[in-house]
Amino acid sequence: MIEGFAGFTALYIFMLAGFTGYEVIARVPVILHTPLMSGSNFVHGIVLVGAMVALGHADTNLEKVIGFIGVILATGNAVGGYFVTERMLEMFKTSKKGEAK
Amino acid sequence: MSINWQTLLVDSVYFLAAILFILGLKKMCSPVTARGGIVWAGVGMILATLVTFLHPHIGSNFGLMGIAIMIGTLPTWWFAKRVAMTDMPQMIAIYNGMGGGAAATIAAVELMRVTTGHALPVTVQTLAVLGAIIGSISFSGSIIAFAKLQGLIKKSFIFPNQQIFNLLILLIVLALGAFVVVQGASVTMIIIISFFVLALVFGILMTLPIGGADMPVVISLFNAMTGLAVAFEGFVLGNAAMIIAGTVVGAAGTLLTQLMAKAMNRSLGNVLFSGFGAAEGQEATGEGVEGSLKPIEAADAAIMMAYAEQVIIIPGYGLAVAQAQHKIWELTKALTERGVRVKFAIHPVAGRMPGHMNVLLAEAGVPYDIISDLDEINEEFEQTDVALVIGANDVVNPIARTDPSSPIYGMPILNADKAKNTIVIKRGRGTGFSGIENYLFYADNTRMLYGDGQKMAAELLQEAKSLG
């Protein structure tokens, strides 16, 4: 797939995704900053698919060891990031259906 | 032209995952839809991970992969489910660091493969090296951030010419990285390994002198850096899902970092290079402060609040440390039943990172629509009878408005001093996290309620209820 991206196509993806990230977050209320940081932390857990590819074509033993560690770390990022974010977001509720008011 | 169904399937699922990530993040920007947002992103992640087993570039090591995923899943899942909400910032730091480390390992494998005949174009190699540096710094730096917030490292390590020394290390890292690219296939393993080791060392050195108070900004910065590292390694592997998700996080994380630094009135450079926030709470002397500290009993404080029209509660990290949020919420309900209007005012840096206090209050059951942030509520203090400050310090210090020589000068603060009465619950007379004397405590209309946050909240609750 490396040959699939000409340099400029990749650059365009990079630029557009950058603007998207900036715009998506632009109007987030402060109350959600921590969960959002945690949520975006989860999203870069996608590094797992890259770590799997790296391990999947590792040849030497050293490469395998490093790739193995990489998959462990990436899984930790994704799994930890998900459950931590979910736990935080689960708690947010309004007083309208709650017991207050 | 024949279609490779395997590649098409993998690419389609990655495409779908990228959409789910962006929509998920979008939904996370409103408290109403936020819960759904993380689930959407989670679905994207599971689909992308599963389809990767069919990835055409994966030829072997499926067994190792399965074991690694198991090892990575179980302990993190266990900890993520159990960690206390107060410890959330360091958990985010450590999970983020793992992502950065993973990006660095991808770079390591790809760069090592170059030496065994799997050549990469110079541009791709450069990106691999850059991603490796950023990911390594994020990895080791996040571990230090974790250790500091967890209280494992209490001191800030500062020595003469530290910044010059750190800069030197960074330059060596960059030089080694450039050497790796230039040498290409003929680079020795020693060079690659020293490159990674020094990049990791730089992450440690860079984070060590930064004080605990500034850690949220640093964690947010590392979050953005990991995103960028993931995007760079995405270029190396030709993986669009990684490029898009990584870049989106990199950009969003940069914006979040800016927002946080702004809320603290610090520039990012200032946070990274000044060593402020390193001072741990010294005993206050009160020198140069006019007025005196005027204590109050819980019973009197409760009466003031019970007969108020409007009370604004300003919680700080001290509230969470004392685990007082549940008692405060009960107190809020008791006051509300008496007809008092109770609101919560949250400073952007209350807690250990922006929004952390909201999470802690949410955990206690406080609905988010009675919680306001600084801009929404600052005008209201003048019409407020009682401002109750609990466990907060610098964020209500009026010196930030008046004294240009103060380190927190210019930081936006909550105008607790403008309320008709202010009650401050505080454990002792020491200064807070930053070691700066708080002029609010000496003001004429301020009363100090000394004691542990939870105990005092309980006493206030009891007294308020006994008023009938």
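Mentor: A residue is called buried when its relative accessible area is under 20%, and we shall apply that cut-off to this predicted model.

Trainee: Why does A:T85 count as buried?

Mentor: The relative accessibility of A:T85 is 0%, and because buried means under 20%, A:T85 counts as buried. This residue is found in helix α4 of chain A, which covers residues 61-90.

Trainee: Which residues does A:T85 touch, leaving aside those up to four places away in sequence?

Mentor: A:T85 touches A:P35, A:S38 and A:G39, together with B:M28 and B:I38 from chain B.

Trainee: What makes the pair A:T85 and A:S38 a polar contact?

Mentor: The side chains of A:T85 and A:S38 come to 2.7 Å, and since a polar contact needs a pair of N or O atoms within 3.5 Å, one able to donate a hydrogen and the other to accept it, the pair is listed as a polar contact.

Trainee: How do you know that β1 and β4 of chain B pair?

Mentor: Two strands pair if there are at least two bridges between them, and five bridges join β1 (residues 310-315) to β4 (residues 386-390) in chain B, the two strands running parallel. Within this pairing, B:I314 stands opposite B:V389 of β4(B).

Trainee: What is the strand order of the open sheet in chain B, and why do β3 and β6 stand at its edges?

Mentor: The order of the six strands is β3-β2-β1-β4-β5-β6, with parallel pairing. In chain B, β3 (371-373) and β6 (446-450) each have a single partner strand, so one side of each is left without a neighbour in the sheet.

Methods
Residues numbered from 1 in each chain as written. Chains lettered and ligands numbered in written order. Predicted model: local features only at pLDDT ≥ 70, side-chain atom pairs only at ≥ 80, totals over all residues. Heavy atoms only, no water. Helix = DSSP H or I, 4+ residues; strand = E, 2+ residues; numbered from the N terminus. Buried < 20%, exposed > 50% of the residue type's maximum accessible area, 1.4 Å probe, protein only. Contact = heavy atoms within 4.5 Å.
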